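Thanks for asking me to look this one over.

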Amino acid sequence: MSETLLSSRNLAFELYEVLDAEALTQRERFAEHSRETFDAAISTARTIAEKYFAPHNRKNDENEPRFENGAAVLIPEVKPAVDAFLEAGFLNAARDFDVGGMQLPTLLSQACFAHFQSANAATASYPFLTMGAANLIENFGTDEQKQRFLQPMIEGRFFGTMALTEPHAGSSLSDIRTRAEPAGDGTYRLRGNKIFISGGDHPLSENIVHLVLAKLPDAPPGVKGISLFIVPKFLVHEDGSLGARNDVALAGLFHKMGWRGTTSTALNFGDNGQCVGYLVGQPHQGLSCMFQMMNEARIGVGMGAVMLGYAGYLYSLEYARERPQGRLPDSKAPDGAPVSIIQHADVKRMLLMQKAYVEGSFDLGLYAARLFDDTQTGASEDVRKHAHELLDLLTPIVKSWPSEFCLKANELAIQVLGGHGYTREYPVEQYYRDNRLNPIHEGTHGIQSLDLLGRKLAQNGGAGLKQLLRLIVGTCERAKADDALVPLRQPLEQLVARLQTVTLGLLTDLSQGKVNATLANSALYLKAFGHTVIGWRWLEQAIRAQEGLDNASEADVAFYKGKLQAARYFLTWEVPGCHHELAILEKRDDACLSMQESWF
């Protein structure tokens with residue numbers, strides 16, 4: 001397996017040693033699968049990603065989509081890549097056999113899709129958006145809507161998008177102005193403008209199904225007045241044939257710092273008063289429907305950030321092994337041969353940081369996918385409910401932590417390459433630019449931190465948080481069985497204990513109505529909470545690596561030792577640093593909150 005996309009050995013470690021993917025084959029839904037079928041799907045994904053996606057990643061970046069004659073024009077390599085993805089069945093990897101799907105666990109479909117995200121994040125975005133839109137229509141659409149729009153999406157003939165953001169409102173969805181008027185025939189007429197719509201126009205499919213947030217005439221104010229509509233680019237007749245072009249116009253394309261191969265569009269709905277839309281779900285309940293796609297997208301964005309960080313890490317690792325430069329500090333021979341830069345301690349530091357960030361995040365993203373499988377196919381209603389509560393709690397971390405720290409990994413990859421890393425001759429600068437979007441879209445760090453502290457912690461009586469704490473305690477107890485893991489376990493236990501105390505205090509303040517003061521430093525809480533979660537996942541990996549090392553073949557010894565060293569780095573270098581953030585939170589320091597506009 002090529003190591004330019006992700007480490008095949010690490011993927012196997014995650015699937016079969018940490019997350020026990022094979023146990024999923026004991027469930028009725030996945031009974032026809034085995035490790036062999038899982039590995040075959042992964043092998044196919046790798047082959048297509050290497051053959052069709054990776055080769056035009058740079059060309060995508062250098063030749064961003066053009067706005068010509070009211071349409072978006074892409075480079076010609078994108079469509080064959082997407083077609084190969086569709087032909088292999090990855091659009092429906094998790095869907096039932098009887099609708100042409102692979103019926104794979106989400107854990108495996110996520111592992112397959114990770115290869116495409118690493119090879120070419122921009123081209124992978126088109127099917128990614130379509131999968132999310134299709135899942136939403138499947139859950140909330142009427143039978144007629146499923147027949148007319150979902151079925152062609154499953155077949156890969158229609159693609160999908162979500163249209164939320166408006167020029168004046170940004171992330172504040174309660175302030176959207178797009179309106180939907182009943183037309184008297186069960187349809188609606190929409191009028192408004194949306195921006196930053198990824199995949200909002202392209203020539204890759206027969207039709208594009210936009211999922212659009214808008215307000216009905218009788219809508220109450222705020223987010224409780226938002227409804228959701230299907231708005232196709234082309235109208236669709238009852239027999240499935242395409243009709244006239246809908247009143248949806250591409251107003252222009254945004255020119256981005258990175259992720260240039262994905263169209264980012266401004267769309268005008270109803271300039272001529274004839275934009276036909278179809279209500280999805282109940283009136284004024286659109287945001288709760290859309291949150292399904294948004295949460296799915298947030299997990300996907302987190303994995304996308306992981307894979308861009310992973311690609312940069314692997315490239316800089318290979319570069320460091322092959323690049324001779326300088327001599328070690330204790331060298332007494334100025335005319336001696338230069339050593340490869342991986343032998344320099346500071347380069348090792350930067351590579352180890354990258355490894356800790358990307359492999360910790362990779363584990364978390366796959367763990368979230370495994371949790372999603374439990375929400376769908378867990379053995380009992382209680383198991384499914386608990387998995388849902390825990391996944392809900394972790395979603396802000398799955399999205400935001402990789403978006404911040406795998407971006408940091410990309411920055412370190414540039415540093416490892418030195419001056420070459422800053423040039424366009426090497427891919428690490430593109431990985432950085434592409435990854436810089438991930439802390440922004442699908443909810444910024446600030447939004448994720450408010451969601452975590454202001455909503456998710458106390459949700460369902462804190463059920464998700466209690467579960468997480470029990471799991472971390474359980475991992476720490478298991479780690480006690482091995483003296484070698486004591487130095488790794490203790491920093492995590494100390495952080496968890498302090499985090500619990502701080503969390504209780506913050507939740508008490510929220511319950512007393514001190515909302516602004518409590519949430520003012522939510523970004524610090526997000527970081528400390530995220531480090532706690534990643535620290536837990538690294539301790540889990542360390543336990544499995546220690547077990548593996550006890551019976552390892554000679555070829556695997558280095559792999560397991562590398563795992564233990566990365567766990568050691570994160571738990572003894574990174575985790576203790578979070579006490580600084582917790583100290584600020586304990587003091588309820590108001591340096592940011594009390595700052596006045598005129599003082600800047």
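**Notes on the model**

1. UniProt, in an unreviewed entry, places the feature "domain: Acyl-CoA dehydrogenase/oxidase C-terminal" at residues 285-450. Please keep in mind that this is a predicted model. Over residues 285-450 the chain is 73% helix and 0% strand, with the end C-alpha atoms 22 Å apart.

2. Another UniProt annotation, also from an unreviewed entry, reads "domain: Acetyl-CoA dehydrogenase-like C-terminal" and covers residues 471-596. Here the chain is 79% helix and 0% strand, and its end C-alpha atoms lie 43 Å apart.

3. Now for the overall picture. The protein's secondary structure comes to 18 helices and twelve strands. Its radius of gyration is 25 Å, close to the 25 Å that the globule rule gives for 600 residues, so the protein is as compact as a globular protein of that length. The C-alpha trace spans about 85 × 60 × 60 Å along its principal axes.

4. How much of the protein is buried? Of the 600 residues, 56% count as buried. As for contacts between residues at least 6 apart in sequence, 75% join residues at least 24 apart.

5. The largest nonpolar core has 134 residues, and Phe116, Phe362 and Phe529 touch the most other members. Helix 10 (residues 381-417) gives the most to this core, contributing 16 residues. A second, separate core has 29 residues, among them Phe149, Met153, Phe158 and Cys289.

6. Phenylalanine 362 is worth a click. Leaving aside neighbours within four places in sequence, its contacts include Leu6, Asn10, Leu11 and Glu14. Ala114, Met303, Val306, Met307 and Tyr310 are also in contact with phenylalanine 362.

7. Do have a look at helix 16 (residues 522-550) too. Its 29 residues reach 42 Å from the first C-alpha to the last, close to the 42 Å expected at 1.5 Å a residue. Is helix 16 mostly covered or mostly uncovered? Helix 16 is mostly covered, with 22 of its 29 residues buried.

8. On to charged pairs: the structure holds 35 salt bridges. In one of them, the side chains of lysine 233 and aspartate 201 meet at 3.0 Å, N to O. Lysine 233 sits in the loop between strand 7 (227-232) and strand 8 (234-236), and aspartate 201 in the loop between strand 5 (188-198) and strand 6 (207-214), so the pair ties together parts that are 32 residues apart in sequence. Both lysine 233 and aspartate 201 are buried.

9. Glutamate 359 and lysine 563 also meet through their side chains in a salt bridge, at 2.8 Å, N to O. Because glutamate 359 lies in helix 9 (residues 345-377) and lysine 563 in helix 17 (residues 554-574), this pair ties together parts that are 204 residues apart in sequence. Glutamate 359 is buried, with a relative accessible area of 3%, and lysine 563 is buried as well, at 0%.

10. Glutamate 411 is partly exposed, with a relative accessible area of 38%, and lysine 408 is partly exposed at 30%.

Note on methods: Residues numbered from 1 in each chain as written. Predicted model: local features only at pLDDT ≥ 70, side-chain atom pairs only at ≥ 80, totals over all residues. Heavy atoms only, no water. UniProt positions renumbered as here; feature names shortened; annotations may be inferred. Helix = DSSP H or I, 4+ residues; strand = E, 2+ residues; numbered from the N terminus. Core = buried A, V, L, I, M, F, W, Y, C linked by side-chain atoms within 4.5 Å. Buried < 20%, exposed > 50% of the residue type's maximum accessible area, 1.4 Å probe, protein only. Contact = heavy atoms within 4.5 Å. Expected span 1.5 Å × (residues − 1). Salt bridge = Lys/Arg side-chain N within 4 Å of Asp/Glu carboxyl O. Rg over C-alpha atoms; globule rule 2.2 N^0.38 Å.
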